[in-house]
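Here are my notes on the model you sent over. Have the structure open while you read.

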Amino acid sequence: MHSWSFDQLGQFIVYKATMAGVPVVYVDPAYTSQMCAECGYTDKNNRVSHGSFTCRSCGHAQHADRNASRNIAQRGNAVWNAGRESRVPVGA
């Protein structure tokens, strides 16, 4: 698995998800490891070390990968919900 490119891994995920009828949502991963999942404050110094995250604004501390995964999940939720919300004005 370590020799796979991210693109190839993504293709495998899409293939398997399609076969299982599971939707795939793409999100921009930029700064997810530097952004606090609690307050949204983003700073490169929030990422204390490879495995440690501590927000310089609110003090939230968590394993860095867990914090980043929460940010990705929140972005995925936003994308998913934006696709479901109507853009038609009321009464139109």
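Predicted model: local features only at pLDDT ≥ 70, side-chain atom pairs only at ≥ 80, totals over all residues.

1. Residues are numbered from 1 along each chain as its sequence is written, and side-chain values use heavy atoms, with hydrogens and water left out.

2. How many salt bridges are there? The count is two, taking a side-chain nitrogen of Lys or Arg within 4 Å of a carboxyl oxygen of Asp or Glu. Glu38 pairs with Arg70, with closest N and O atoms 2.6 Å apart. That pair links distant parts of the chain, 32 residues apart: Glu38 sits in the loop between helix 1 and strand 1, Arg70 in helix 2. (Helices are DSSP runs of H or I, at least four residues; strands are E, at least two.)

3. The other bridge joins Asp65 to Arg47, at 3.9 Å between the closest N and O atoms. Asp65 is in helix 2 and Arg47 in the loop between helix 1 and strand 1, so parts 18 residues apart in sequence are tied together.

4. Now look at Asp43, in that loop too. A polar atom of the Asp43 side chain does lie 2.8 Å from the backbone nitrogen of Asn45.

5. Asn67, in helix 2, is buried at 0% relative accessible area. Beyond its neighbours within four places in sequence, its contacts (heavy atoms within 4.5 Å) include Thr32, Phe53 and His60.

Note on methods:
Buried < 20%, exposed > 50% of the residue type's maximum accessible area, 1.4 Å probe, protein only. Polar contact = N/O pair within 3.5 Å; in protein donor to acceptor, adjacent residues only side chain to side chain.
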